[in-house]
Amino acid sequence: MNGLSLPTLPNYAKLTITFFLLLIGLTYLVGVANIYNKTKFTVQGAIENERGSEEKMIYPKEAGDLLNLTHFHLGGWAMMFMWVLLFFLFSTYGAKLKAFFGVVAFCLPVLDAGGMWLTRYAAPGFAYLLMGAGFLMAALFGLVMVLDFVNLWWGKPRVAAA
């Protein structure tokens, strides 16, 4: 982007971005740990988390709870993905990869949130959508972060076309 790319940044900027990425990555990992605590990453756990379980004394989520969760999570995911993708946009990776990750990163949270609603109010089988979208979202987030780090510290600046 006009000669500015991650590999060309001064070290103080690289360090700032590195510590930001580490903190946002830790934030995401805490969220993943929270999901594991609630569901054990099982379909049954996801169903019980949304629809409730009398035997485990888990109450079904009410519409207000889901609205609150959806509002908080969509905003959080948008901000988290925007930052890691903003750095990615200034990497030296190709435009098609940047476009693909950009589109997918903002579709997956909608599928994830929709999976919560559908699991609760439509059918328990939508827990697969919830879990699949959540897994892909975490994998994409982690992949973009790793690619950001690699390009930031070990990437080669692109040679400008003559």
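**Salt bridges and confidence**

In this predicted model, E50 has a relative accessible area of 2% and is buried.

Me: Which residue forms a salt bridge with E50?
Reply: A salt bridge requires a Lys or Arg side-chain nitrogen within 4 Å of a carboxyl oxygen of Asp or Glu. The closest N and O atoms of this pair are 3.5 Å apart. The partner of E50 is K61.

Me: How many residues apart in sequence are the parts that K61 and E50 tie together?
Reply: K61 sits in the loop between α2 (43-51) and α3, whereas E50 belongs to helix α2. The pair therefore links parts separated in sequence by 11 residues.

Me: Is K61 buried or exposed?
Reply: Buried means under 20% relative accessible area. The value for K61 is 11%, so K61 is buried.

Me: How many salt bridges does the count come to?
Reply: One of them joins K56 and E48. K61 and E50 form a salt bridge as well. The count comes to two.

Me: Where in the chain is confidence highest?
Reply: The mean pLDDT of the chain is 95, with 96% of residues at 70 or more. Confidence is lowest in helix α3 (residues 63-89), at a mean of 96. It is highest, at 98, in helix α5 (residues 127-154).

How values were computed:
Residues are numbered from 1 along each chain as its sequence is written. This is a predicted model: local features need pLDDT of at least 70, side-chain atom pairs count only at pLDDT 80 or more; totals for chains, interfaces and linings use all residues. Side-chain values use heavy atoms; hydrogens and water are left out. pLDDT is the predictor's confidence in each residue, from 0 to 100. Helices (H or I, at least four residues) and strands (E, at least two) are DSSP runs, numbered from the N terminus. Buried means under 20% relative accessible area, exposed over 50%, partly exposed in between (1.4 Å probe, protein chains only).
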